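Subject: Structure handover

Hello,

Please find the structure below. My notes on it follow.

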Amino acid sequence: MCGIIGYLGTQPAAEIVLGGLKRLEHLGYDSAGLATVADGQLHVRRAVGRLDGLAEALAAEPAPGTLGIGHTRWATHGRPSQENAHPHVDAAGRIALVHNGVIENHAAIRSFLEGQGVRFRSETDTESLAQLIGFFYSQTGDLLGSVRGALREARGTFGIAVACADAADTLIAARRGSPLIIGTGRDELIVASDAAALVGRVSQVTHLEDNEVVLLGPGGLRAVTVDAKPIEKQLEPLEASLEEASLGGYAHHMQKEIFEQPDALRNAMRGRVRPGADRVTLGGLKSFERELPRFRRALLFGCGTSWHAALIGEYLLEELAGISTEVEYASELRYRNPLIQEGTVAIALSQSGETADTIAALREVQSRGAVTLGIVNGVGSTIARETDAGVYLHAGPEIGVASTKAFTAQIAVLAMIALDLGRRRHLSPERTAELIDELAAIPEKVTKALELDGQAKRLAQRLVDRQNWLYLGRGVNFPTALEGALKLKEVSYVHAEGLPAAEMKHGPLAMIDAGMPVIVIAPQDRTYEKVLANIREVKSREGRVIAVASEGDERIAELADEVLFVPRTSPLLAPLVATIPLQLLSYHAALARGHDVDKPRNLAKSVTE
Ligand code: F6R
C-alpha cells in the first residue's frame, strides 16, 4: 500500500502534507511527491527515494497554497522513478491525482486516450485515471462530474485524492477497495489513507465506503455515490493519540512496539479479563450471544504474522473450546472452493483490517453463508466494518513494518475467544478461572521477558555473519517458530525457516552444519522430552542451539549453547512470552547488519493490492 494525504485549510499545505507523509512513510518509501494549488496553477514536486528527497525539492522550490495532495509510493506498476512518482497530472496540467490501488483496465483507458491525442508521461496505471479525469474536465469544466465519470469507467481498486488548478478551495476524494479517512479539524479538512496522518490535527473522522466520492470545500464535506446519490456521513472521534504515533524516546517503531507489549496486552484484556473471574467478557460478541454455543467449526484466515496468530488460535480453540478448527492463508482461501457448513464461524485476523487478500477471503466466505468475526487492530477498518461481529485488539497504532505487538495481542484475543466459547460448552469454571488468572499475569511476564534485550543484542552481534537460521518448536510453539523466522527474514534479510521440531529428521536435518544457529522453543510442556531429543540431534551435527526455555530449567542449560530464559506460564499461553526474545533477536540482528528496521527493503506495512 502507498500513503495518501490531501489537505484543505488555511495553513501552508505543502508543510502539512509533508508532515502527514512522514507519518505514512511506513506504507511506502521508494518515491514521493505532492501538488499544491495557487495562482490558478498546480505546483508539483516529486522525488525518488525517501521523503528527505521531497523535502529537499521543496526547500529548493517551495510549493505555495493552502490546498495540497501528497503520496508516498511503494511501486507496483512501473519502477520507482520521478516520472512514475505521484501526483500524476493530466495532459492540460489542470488535474493532479494521488492514488492507492490498481486500475486494472489502465491499458484500455490509455489506448482510448492516446487515440484522442493525449500524451502519457509515465508507465503507471494511475496516470490513466488522472488523464481520464482531465479529458472529461476539458470537455465539461465540471470537476466532480469528471471524477465520477472517470471512476465509473475504471475497473480495479482505488483510494484517490484529486486537486484541480482551477479550484484552490476544492479537494475530491474517492474510494473503492482502498482505505480513505476524512478528518475534520478547525478550519481544515484532511483526507488520508491511514489515521496515522491525521493524529494530532483532527479530532473527528469519517471512513469512506466503497464507491463513495466526497467533495471537500468551503461548505465542509459533501458525499455522493459514484452515481451521484447523496450520502450522509457520520463523524466519529479519532481514537489514536499523538504520543502513540511518535517514537517517544525509542530508536525505532519496531523497538517501541516490542516494548509496548505489556501495555498493549493490558489494553487488549481491559474489561474483558478479570483475575478471579470464571468467564471472560467480550462486548464485541454480545450481539452473537445466541449463536456462540452453536459454532461447531471455525475457519481462521489471515496473512503473514496474522496467519501465524491464527495457527496458534487453532490450538487454543481446539483445546479450550473443543471446536474443530482450520487455518488458511487468506490468499489461498479466496481462490479455493471453501465448504461452509451450518455452524461454521469464519474468523478474519488482520492488524490493519485492510489487507486485500484477507478482505477478499472474507467476502468469499460471506457469499457462501459463513457467519464472520474479525480480530482486527485497525478501528473502523474495512474488515472491522464488514464482519458480522468482532473483537478489537486495542493494541494502539502499529507503525513498524514488522508486526510485533499486534501478534501478541491477537494471541491474547484468541485465547479470550477460546475461553468464552469453551466456557459455554464443557470448560469448567475452575479451569477457566485458572487460565484467566494466567492471562491476567501475562503482561508482567512479558515485562520480565523484555529484560532479555541485552542478551538478545549480544547474541545477534555474535551471529551477524550467519546467513541461515532454523527455528524449531512443537505444538502451539510451532507457529511461534514460524513467526520467529519471519521476523528475522523481514528485517535482517537472513534466510530463516520455522519448522515443527519433529519434522527435522524428515529432511531439514541435512542442512545443519557447524555453527548454524538453531533456535529451539522449549518450554517445559508435554513435548519437552521430545524437544530435548531434537536438540541432541542438532548438537550431534554441530548446530549451534539457542533455546528459549522456562526459567529455572537446568537440564536445557546443559544441552544448549545458549538459553534465553522466559517466565513460566500455562503451556497454551507460552507463545505470548516465548515470542518476546525472538522479536528482540530479529530487531538486533537487523541493526547489527545496518538495516532500517522500520522500513525493510521491498516491504510496506499493509498489502492492499
Ligand atoms: C509481518 C507482517 C506481515 C503482516 C501481513 C498481514 O511482520 O507484518 O506479514 O502480518 O501483511 O497484515 P495484516 O495483519 O495487517 O492483515
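In what order do the strands of the open sheet with parallel pairing stand? The order is 22-21-23-24-25, and the sheet has 5 strands.

Before the rest, some conventions. The model is predicted, so local features need pLDDT of at least 70 and side-chain atom pairs count only at pLDDT 80 or more, while totals for chains, interfaces and linings use all residues. Residues are numbered from 1 along each chain as its sequence is written, and side-chain values use heavy atoms, with hydrogens and water left out. Helices (H or I, at least four residues) and strands (E, at least two) are DSSP runs, numbered from the N terminus. Two strands pair if DSSP finds at least two bridges between them. Axes are lines fitted to C-alpha atoms, for helices over the stretch in contact, and angles run from 0 to 180 degrees between N-to-C directions.

Strand 24 (residues 544-550) pairs with strand 25 in the parallel sense over 5 bridges, and V548 is opposite L564 in strand 25.

Two helices are placed against the sheet. Helix 16 (residues 477-492) lies across strand 21 (468-473), strand 22 and strand 23 (517-522), at about 175 degrees to strand 22. Helix 19 (residues 574-592) touches strand 21, strand 23, strand 24 and strand 25, and its direction makes about 160 degrees with that of strand 23.

An open sheet of 7 strands has the order 5-6-7-8-12-13-14, with antiparallel pairing. Its edges are strand 5 (88-89) and strand 14 (230-231), each with a single partner strand, so one side of each lacks a neighbour in the sheet. Strand 7 (residues 158-164) and strand 8 (residues 167-176) run antiparallel and are joined by 7 bridges; V162 is opposite I172 in strand 8.

Helix 4 (residues 125-140) lies across strand 5, strand 6 (95-100) and strand 7, at about 145 degrees to strand 6. Helix 5 (residues 143-153) lies across strand 6, strand 7, strand 8, strand 12 (212-217) and strand 13 (220-225), at about 20 degrees to strand 8.

T126 lies in helix 4. T126 is buried (under 20% relative accessible area; over 50% is exposed, in between partly exposed; 1.4 Å probe, protein chains only), with a value of 2%. Leaving out residues up to four places away in sequence, T126 touches H86, H88, L97 and H99. Its C-alpha atom is 10.0 Å from that of E104, 22 residues apart along the chain.

Other strand pairs

Strand 9 (residues 181-185) and strand 11 (residues 204-207) run antiparallel, joined by 4 bridges, and G183 is opposite V205 in strand 11. Strand 11 also runs antiparallel to strand 15 (residues 236-237), with 2 bridges; Q204 has P237 of strand 15 as its bridge partner.

Helix pairs

Helix 9 (residues 304-321) and helix 13 (residues 405-423) pack at about 25 degrees, with axes 9 Å apart. They are therefore roughly parallel (angles under 35 degrees; over 145 is roughly antiparallel, 65 to 115 roughly perpendicular, the rest oblique). The crossing is right-handed, meaning that the near helix is turned clockwise from the far one by less than a right angle. The contact between helix 9 and helix 13 has 15 nonpolar, 6 polar and no charged residues (nonpolar: Ala, Val, Leu, Ile, Met, Phe, Trp, Tyr, Cys and Pro; charged: Asp, Glu, Lys and Arg; polar: the others, Gly among them).

The axes of helix 1 (residues 13-24) and helix 2 (residues 51-60) come within 11 Å and cross at roughly 170 degrees, which makes the two helices roughly antiparallel. A14, L18, L21 and K22 of helix 1 meet L51, L54, A55 and L58 of helix 2. By class, this contact has 7 nonpolar, no polar and 1 charged residues.

One more buried residue

T372, in strand 19 (residues 371-376), counts as buried at 0% relative accessibility. Among the residues T372 touches are A346, L362, E386 and D388.

Regards

Key: Contact means heavy atoms within 4.5 Å.
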